[in-house]
Amino acid sequence: MAKLLATFVVVFLALAATSLAGDPDMLQDICVADYKSLQGPLRLNGFPCKRPENVTANDFFFDGLMNPGNTGNAVGSVVTPANVENLPGLNTMGVSVARIDYAPWGVNPPHTHPRATEIIFVLEGSLDVGFITTSNKLFARTVCRGEVFVFPRGLVHFQKNNGNSPAAVISAFNSQLPGTQSIAETLFGAAPPVPSDTLARAFQIDAGMVEFIKSKFPPKY
């Protein structure tokens, strides 16, 4: 019995370690993403590496976060990412960042990052932020310029500019490509669409209201 228990503990810890891990550890100094390889038959979890002789310093450089993004949209916020899709040197590094700009009273709607924990540093303005645990407990507070807040991996969270002037943050993630699922857009803008009767039952509204909401989220595919 003791031997069986010890074996179970070892297996459990191994599985737990795997499930808690972030992006895979690096196996070499650099592995700059080779986007062209994905145009062929090669498919893998992540990006293949460029040949070392084809790597340059520009593969590790990105200047897209210098200026505010355009917040002239329905929610009044815009995310400008610096992840492996536009900064190839991040491949296998397990980190990425983003800039989020908010119009006055703008909202970064409830969403999740399935592959990363997020930490924000407020550049300017004041935000009401929060996340919700799986037991439906809300942790929320106001964060101001120079302050930091953390959103645990995979949990629904949001940010809202609580002032009448623009706000901005820098977000950091422990993944080269954290992924984002906006709750409303995911449910009401999926392609093929989620059945309206399913959404009506889930939100306890009528199908006509579901169709109205879907009209606000045209599918991207």
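Select Asp59. Asp59 is buried, at 8% relative accessible area. Here buried means under 20% relative accessible area, exposed means over 50%, and partly exposed is in between (1.4 Å probe, protein chains only). Lys50 is partly exposed, at 26%. The two form a salt bridge, with the closest N and O atoms 3.0 Å apart. The term salt bridge means a side-chain nitrogen of Lys or Arg within 4 Å of a carboxyl oxygen of Asp or Glu. Side chains of opposite charge can pair when their charged atoms come close.

A word on the source. This is a predicted model, in which local features need pLDDT of at least 70 and side-chain atom pairs count only at pLDDT 80 or more, while totals for chains, interfaces and linings use all residues. Residues are numbered from 1 along each chain as its sequence is written, and side-chain values use heavy atoms, with hydrogens and water left out.

How many salt bridges does the structure hold? The count is four.

Next, select Arg51 and Glu53. Their side chains meet in a salt bridge, 2.6 Å from N to O. Arg51 is exposed, at 55% relative accessibility. Glu53 is exposed too, at 52%.

Move on to Glu185 and Lys220. This pair also forms a salt bridge, and its closest N and O atoms are 2.9 Å apart. Glu185 lies in helix α2 (residues 183-188) and Lys220 in the segment after α4 (207-214), so the pair ties together parts that are 35 residues apart in sequence. Helices (H or I, at least four residues) and strands (E, at least two) are DSSP runs, numbered from the N terminus. Check the cover on each partner. Glu185 is partly exposed, at 29%, whereas Lys220 is exposed, at 64%.

Last stop: a surface patch. Select Ile119, Phe121, Leu123, Val148 and Val150. These residues form a nonpolar patch on the surface, with about 370 Å² of accessible area together. Patches are made of residues with over 30% relative accessible area and no salt bridge; like charges are joined within 9 Å, and nonpolar side chains (Val, Leu, Ile, Met, Phe, Trp, Tyr) within 5 Å. Accessible areas come from the Shrake-Rupley method with a 1.4 Å probe, and for residues only the protein chains shown count as cover.

Which strand gives the most to the patch? Color β4 (118-124) and β7 (148-151), which each supply at least two residues. β4 gives the most, with three. Finish on Phe121, in strand β4. Phe121 is partly exposed, at 38% relative accessible area.
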